[in-house]
Amino acid sequence: MTTPTGPDAIGQTRAAAAERLTIFVDAVIAIALTLLALDLPIPQGDTTDAMLSSVSAHGKEYIAFALSFVVIAAHWRAHHEIFPYVRSLSSRLISLTLVWLFMQVLMPFATRVITADGAFPLRFSLYAMVQVLASASFALIIREIRREHLYRTDGPPRVFAQSLTRSICLATVFGVSIPVSFLTEDTSAYLCWLAAPIALAIARRVQDRRPSDA
């Protein structure tokens with residue numbers, strides 16, 4: 001049996017490498033979500049009232065878990081939207097992907113920190129900074145894919161533009177919330193994060209009004 005050679009073989013090898021990276025990303029995200037769930041406190045109590053009181057006492061941990069689950073899922077979804085169009089890899093793209101994955105794996109730790117006691121601005125800022133770095137690294141991933149033309153010829157450039165805009169908006173929102181947490185020194189800093197859906201909606205509307213990129 002002869003081994004395929006020429007441009008077609010090279011293209012297949014590059015596509016297979018991109019697919020392996022996607023599989024690796026999916027596995028790491030699954031591990032991050034698993035670690036996130038393992039940190040959930042187990043309700044204690046011999047009666048229904050005691051059990052409900054225990055659930056209420058750990059309410060912030062359950063809310064933080066739900067928030068982090070949604071955030072990690074959103075990051076994975078953004079990656080899932082982009083990488084089916086990637087036809088080859090570069091060393092820089094692999095490095096940026098590993099940085100992005102590091103932020104995802106760090107998310108369970110940041111979730112534990114933000115639900116701890118004391119020094120709220122620092123705890124809040126750590127979680128927000130993880131989000132900033134995750135979004136910023138993904139924006140750099142998209143930039144690398146576009147700059148080095150690592151996407152398929154049939155890949156719609158609009159998908160990359162929309163995802164890049166979304167990443168920049170999220171990095172900005174979480175970045176702004178960091179100094180706000182030090183100014184307020186209380187949980188009102190979380191209100192900054194509520195601006196994320198608004199910023200994304202505005203960015204999406206602006207993006208829709210632009211002509212498709214060539």
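Guide: We can start with a term for helix packing: an axis here is a line fitted to C-alpha atoms, for helices over the stretch in contact, and the angle between two axes runs from 0 to 180 degrees between N-to-C directions. Keep in mind throughout that this is a predicted model.

Visitor: How is a pair of packed helices described, in general?

Guide: Two packed helices are described by the angle between their axes and the distance between the axes. In this structure, take helix 3 (residues 59-82) and helix 4 (residues 91-114): their axes come within 10 Å and cross at roughly 170°. Angles over 145 degrees count as roughly antiparallel, and helix 3 and helix 4 are therefore roughly antiparallel to each other.

Visitor: Which residues of helix 3 and helix 4 meet?

Guide: On the helix 3 side they are Ala64, Phe65, Ser68, Val71, Ile72, His75, Trp76 and His79. On the helix 4 side they are Trp100, Gln104, Met107, Thr111 and Ile114. By kind, this contact of helix 3 with helix 4 holds eight nonpolar residues, five polar and no charged.

Visitor: At what angle do the axes of helix 3 and helix 5 cross?

Guide: They cross at roughly 5°, and the axes come within 11 Å. Angles under 35 degrees count as roughly parallel, so helix 3 and helix 5 are roughly parallel to each other. Helix 3 contributes Leu67, Ser68, Val71, His75, Ala78, His79 and Ile82 to the contact, and helix 5 contributes Tyr127, Gln131, Ala134, Ser135, Phe138 and Ile145. The residues of this contact of helix 3 with helix 5 divide into eight nonpolar, five polar and no charged.

Visitor: How many helices and how many strands does the protein chain have?

Guide: The chain has seven helices and zero strands. Along the sequence the pattern reads α-α-α-α-α-α-α. Of the contacts with a separation of 6 or more, 78% are between residues 24 or more positions apart.

Visitor: What should I know before reading about a nonpolar core?

Guide: In soluble globular proteins, nonpolar side chains tend to be buried together. In this chain of 214 residues, buried residues make up 36%. The largest nonpolar core has 42 residues, and those with the most contacts inside it are Phe83, Ile141, Ile145 and Trp193. Helix 1 (7-38), helix 3, helix 4, helix 5 and helix 6 each give two or more residues to this core. Helix 5 gives the most, with eleven residues.

Visitor: Which residues does Ile141 touch, not counting those up to four places away in sequence?

Guide: Ile141 touches Phe83, Leu93, Leu96, Thr97 and Trp100.

Visitor: Charged side chains come next. What is the general idea?

Guide: Side chains of opposite charge can pair when their charged atoms come close. Here the count comes to six salt bridges. One of them joins Arg77 and Glu81, with the closest N and O atoms 3.7 Å apart. Arg77 and Glu81 are four residues apart in helix 3, about one helical turn. Arg77 is exposed, with a relative accessible area of 56%, whereas Glu81 is partly exposed at 30%.

Visitor: Is Glu144 buried or exposed?

Guide: Glu144 counts as buried, at 2% relative accessibility; the cut-off for buried is under 20%. Glu144 forms a salt bridge with Arg147, the closest N and O atoms being 3.0 Å apart. Both lie in helix 5, three residues apart, about one turn of the helix. Arg147 is partly exposed, with a relative accessible area of 40%. The side chain of Arg147 also meets that of Glu148 in a salt bridge (3.6 Å, N to O), and Glu148 is partly exposed at 38%. Salt bridges that share partners join Arg92, Glu144, Arg147 and Glu148 into one network.

Visitor: And how should I read a phi angle?

Guide: Most residues other than glycine have a negative phi, and most peptide bonds are trans. Ala119 has a positive phi, near 50°. Ala119 is found in the loop between helix 4 and helix 5 (120-147), and is partly exposed, with a relative accessible area of 48%.

Visitor: Where is Glu185 placed?

Guide: Glu185 is in the loop between helix 6 (157-184) and helix 7 (195-209). Phi of Glu185 is also positive, near 55°. At 56% relative accessibility, Glu185 counts as exposed.

Definitions and conventions: Residues are numbered from 1 along each chain as its sequence is written. This is a predicted model: local features need pLDDT of at least 70, side-chain atom pairs count only at pLDDT 80 or more; totals for chains, interfaces and linings use all residues. Side-chain values use heavy atoms; hydrogens and water are left out. Angles under 35 degrees count as roughly parallel, over 145 as roughly antiparallel, 65 to 115 as roughly perpendicular and the rest as oblique. Contact means heavy atoms within 4.5 Å. Ala, Val, Leu, Ile, Met, Phe, Trp, Tyr, Cys and Pro count as nonpolar, Asp, Glu, Lys and Arg as charged, and the others, Gly among them, as polar. Buried means under 20% relative accessible area, exposed over 50%, partly exposed in between (1.4 Å probe, protein chains only). A salt bridge is a side-chain nitrogen of Lys or Arg within 4 Å of a carboxyl oxygen of Asp or Glu. A nonpolar core is a set of buried Ala, Val, Leu, Ile, Met, Phe, Trp, Tyr and Cys residues joined through side-chain atoms within 4.5 Å.
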